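User: Let's zoom in on one thing here, the pairing of aromatic rings. Please walk me through it in detail.

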Amino acid sequence: MLVVTRRAFVRVRPTCGSSVWEIEGDDTVRQVGVEKQATYTVDRVFDERHCNEALYRETTMHLVRQVVEEGLNATVLAYGQTSSGKTH
């Protein structure tokens, strides 16, 4: 039996200038300050107050356990601008 589960998380980090993202609650980000504004709802939004360990524990740790202990296949994709901290 094939079971496919997808979850999406967003981490909004501080920028050097003004941010183009506003966080609305725990699961919504809104793009502002651009011609076409957009709102995105995901499973969870993290801001600059969340450390890397907290993100790992909430988003990935259970997948690693299942891969090691149960032989589950899993993929974690980190997408973002160069030098934005994806590998930490």
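**Aromatic pairs up close**

Analyst: Let's start with tyrosine 40, which is partly exposed at a relative accessible area of 40% (buried means under 20%, exposed over 50%, partly exposed in between, using a 1.4 Å probe and protein chains only). This is a predicted model, so local features need pLDDT of at least 70 and side-chain atom pairs count only at pLDDT 80 or more, while totals for chains, interfaces and linings use all residues. Residues are numbered from 1 along each chain as its sequence is written, and side-chain values use heavy atoms, with hydrogens and water left out.

Now the rings. A pair of them is described by the distance of the centres and the angle of the planes. Rings of Phe, Tyr and Trp (its six-membered ring) pair if their centres lie within 6.5 Å; planes under 30 degrees apart are stacked, over 60 edge-to-face, and the rest tilted. That gives 2 aromatic pairs.

One is phenylalanine 9 with phenylalanine 46, tilted, with 6.2 Å between centres and 40° between planes. It bridges strand β1 (residues 9-11) and strand β5 (residues 44-46), with the partners 37 residues apart (strands are DSSP runs of E, at least two residues, numbered from the N terminus). Phenylalanine 9 is partly exposed at 26%, whereas phenylalanine 46 is buried, at 0%.

Tryptophan 21 and tyrosine 40 also make a tilted pair, 6.0 Å centre to centre and 55° between planes. Tryptophan 21 sits in strand β2 (residues 21-24) and tyrosine 40 in strand β4 (residues 38-41), so this pair ties together parts 19 residues apart in sequence. Tryptophan 21 is partly exposed, at 33% relative accessibility.

Methods. Helices (H or I, at least four residues) and strands (E, at least two) are DSSP runs, numbered from the N terminus.
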